[in-house]
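Welcome! Here is a short tour for anyone meeting this protein for the first time. Have the chain in view and follow along.

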Amino acid sequence: MMNTIWADTAGVHDDLRSPADLDAWLDAVGIDARIDARIDAGVDRPGARATADELVSARALRDAARRLAAYVTDDSRPAATSGIVSLPDAIVTVNAAAREVPARQLELHAGRLELTSRALASPVTAAIAQVAEGVIELVTGADADRLRACNAPGCVLYFSKTHPRREWCSVACGNRARAARHYAKIRSAHPLQAGHAGSPGSFDGSLAPSGPSRPPKPTLVPG
Ligand SMILES: [Zn+2]
């Protein structure tokens with residue numbers, strides 16, 4: 001979810017601008033808020049409609065997740081700064097969202113004991129709660145050590161370092177970072193050429209039009 005903020009040559013973009021954006025994201029990620037296969041309540045399924053308030057909650061959770069990711073990864077990228085500056089505020093936001101996960105309940109129906117769920121939250125709110133649980137797991141679980149900020153020029157994404165040699169969120173970012181390093185090396189070796197139009201030294205490290213650091217597809221964590 002935190003990677004619904006992304007960047008390209010035009011600047012930083014936000015994929016969660018409307019309730020419809022939130023619906024599309026939840027559907028794409030396929031979050032199923034069921035706590036048990038036998039319970040059908042509290043499930044976000046295709047067609048569920050997010051409200052304006054739920055969009056506000058989801059955006060706050062996203063910003064909180066980015067603040068926590070910045071803390072875990074020691075991220076200092078100015079363009080990636082979260083809308084939530086305070087770490088305690090981010091923690092409060094995640095906990096508030098996670099409280100809406102449907103709780104398992106035991107009920108007696110017509111003499112029969114049945115498992116049910118607390119049906120206070122809407123399907124969308126229950127799904128957002130599941131994302132909040134994913135955020136908590138991400139920053140405290142076994143994968144927390146693998147979370148990284150992508151330091152390729154212009155990138156604002158986070159990724160999981162799934163391979164010891166992985167340094168970037170994507171192949172495009174890796175290529176751009178290597179190009180930037182290459183031109184920086186040439187610039188330091190030939191300082192007189194630096195700044196000439198069209199010379200290697202004029203590379204400004206910005207995102208190549210062909211390689212925006214847009215997340216390839218939505219994922220629950222760390223995306
Ligand atoms: Zn990147």
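Ala110 sits in the loop that links strand E3 (104-109) to strand E4 (112-117). In this predicted model, the phi angle of Ala110 is near 50°, a positive value in a residue other than glycine. That is worth a second look, because most residues other than glycine have a negative phi. Is Ala110 buried or exposed? Ala110 counts as exposed, because 5 C-beta neighbours lie inside 10 Å.

Asp74 also has a positive phi without being a glycine, near 55°. Asp74 belongs to the loop between H2 and H3. With 8 C-beta neighbours inside 10 Å, Asp74 counts as exposed too. A positive phi turns up again at Gly30, which follows H1 and has a value near 70°.

Now step back to take in the whole chain. The protein has five helices and six strands. Of the 223 residues in the protein, 36% are buried. If you take the contacts between residues at least 6 apart in sequence, 66% of them join residues at least 24 apart.

Next come the helix pairs. Two packed helices are described by the angle between their axes and the distance between the axes.

| Helix pair | Angle between axes | Distance between axes |
|---|---|---|
| H2 (residues 52-73) and H3 (residues 87-98) | about 130° | 8 Å |
| H2 and H4 (residues 123-140) | roughly 5° | within 11 Å |

H2 and H4, by contrast, are roughly parallel to each other. In this pair, Glu54, Ser57, Ala58, Leu61, Ala65, Leu68 and Val72 of H2 meet Val124, Thr125, Ile128, Val131, Ala132, Val135 and Val139 of H4. The residues of this contact divide into eleven nonpolar, two polar and one charged.

Which residues of helix H1 (residues 19-29) are buried? They are Leu22, Asp23, Trp25, Leu26 and Val29. These residues lie on the same side of H1, because they cover an arc of only 165° around the axis. Among what covers the buried residues of H1 are H2 and H4.

Finally, look at the segment before strand E1 (5-8), where you will find Thr4. Thr4 counts as buried because 21 other C-beta atoms lie within 10 Å. Setting aside neighbours within four places in sequence, the contacts of Thr4 are Asp14, Asp15, Leu16, Trp25 and Arg62. One of these, Leu16, is twelve residues from Thr4 in sequence, and their C-alpha atoms are 6.6 Å apart in space. Another, Trp25, is one of the buried residues of H1.

Notes
Residues are numbered from 1 along each chain as its sequence is written. This is a predicted model: local features need pLDDT of at least 70, side-chain atom pairs count only at pLDDT 80 or more; totals for chains, interfaces and linings use all residues. Axes are lines fitted to C-alpha atoms, for helices over the stretch in contact, and angles run from 0 to 180 degrees between N-to-C directions. Helices (H or I, at least four residues) and strands (E, at least two) are DSSP runs, numbered from the N terminus. A residue is buried if 20 or more other C-beta atoms lie within 10 Å of its own, exposed if 12 or fewer, and partly exposed in between; C-beta atoms are placed from the backbone. Angles under 35 degrees count as roughly parallel, over 145 as roughly antiparallel, 65 to 115 as roughly perpendicular and the rest as oblique. Two residues are in contact if their C-beta atoms, placed from the backbone, lie within 7 Å. Ala, Val, Leu, Ile, Met, Phe, Trp, Tyr, Cys and Pro count as nonpolar, Asp, Glu, Lys and Arg as charged, and the others, Gly among them, as polar. The arc is that of the directions from the helix axis to the C-beta atoms.
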